[in-house]
Amino acid sequence: MGFGDLLDRMLGRAPATPDTERMVLPAPPTAEDVYAALDQTQGLLTSSALPSVVVARAMRVIDTARDTVPRLKRISGSDLGYTVMATATDYLPEAIGSYQRLPRRYADTRPVDGAKTSLMVLVDQLDLLGLALDRVFDAVYRDDARELVAQGRFIAEKFGSAGSGGALRIDAEASPLPSMPQVDDPTGAISPLTPPHASPHTPPPGATPLTPPQGI
């Protein structure tokens, strides 16, 4: 012990901690870590004979967490990001694991929290986790939904009419109808609105009508 350490102890000061002894905090979980934890928990659900009420609620939490992970970078460092990561890597697997470590008959029949059994306590925990992640999911994607609504209103104002069900407004002067094709008819007998033969029994102009042979 050096003189400096002895002096620090006498004065009640904490000795200086060398750089090699400083605590190094682990890096926060990445999106890949969250996906891996969710896959591991889902595998635990399918490999164990768990009650259906547990599997359904746990899968709700897993599916909501998976849908939120693509926006994890956007909410990293916030309470929302921490909730997603902690739920996937800690809260959910620990809750299910604690239940699985108990004998089934004990977990499902013996009251442990008032009148609640371990199964009831687990179901309540999963419901709370599902509700928390639903709120995170809504908060994360609310901005994207607002952008979609704003874009839809812009398109409706630019190209459509809300009162007419979104029908396109097309100006006849800006988009004129195509002209009718010209027909080469020196006699002027063909009308563009009527077929050249008004009747199947009427020969075309200039044609010699057929006469039936005598005796028929």
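This is a short exchange about a predicted model and the terms used for it.

Colleague: Why is Thr-87 called buried?

Modeller: Its relative accessible area is 2%. Buried means under 20%, so Thr-87 qualifies.

Colleague: Where does Thr-87 sit, and what does Thr-87 touch?

Modeller: Thr-87 is in helix H4. Not counting residues up to four places away in sequence, Thr-87 touches Val-61, Leu-92, Pro-93, Leu-129 and Leu-133.

Colleague: What makes the approach of the Thr-87 side chain to the backbone oxygen of Thr-83 a polar contact?

Modeller: The distance is 2.6 Å. The cut-off is within 3.5 Å, for N or O atoms with one able to donate a hydrogen and the other to accept it. The Thr-87 side chain reaching that oxygen at 2.6 Å therefore falls within the cut-off.

Colleague: What makes a set of residues a nonpolar core, and how many residues has the largest one here?

Modeller: Its members must be buried, of the nonpolar kinds, and joined through side-chain atoms within 4.5 Å. The largest such set has 28 residues. Val-34 and Leu-92 have the most contacts inside it.

Colleague: Which elements give two or more residues to this core?

Modeller: Helices H2 (31-47), H3 (52-68), H4 (79-100) and H6 (118-159) do. H6 gives the largest share, eight residues.

Colleague: What does Val-34 touch beyond four places away in sequence?

Modeller: Val-34 touches Pro-29, Val-69, Leu-72, Met-85 and Ala-88.

Colleague: And the whole chain: how many helices and strands are there?

Modeller: Six helices and two strands. Along the sequence the pattern is α-α-α-α-α-β-β-α. Buried residues make up 20% of the 216 residues.

Key. Residues numbered from 1 in each chain as written. Predicted model: local features only at pLDDT ≥ 70, side-chain atom pairs only at ≥ 80, totals over all residues. Heavy atoms only, no water. Buried < 20%, exposed > 50% of the residue type's maximum accessible area, 1.4 Å probe, protein only. Helix = DSSP H or I, 4+ residues; strand = E, 2+ residues; numbered from the N terminus. Contact = heavy atoms within 4.5 Å.
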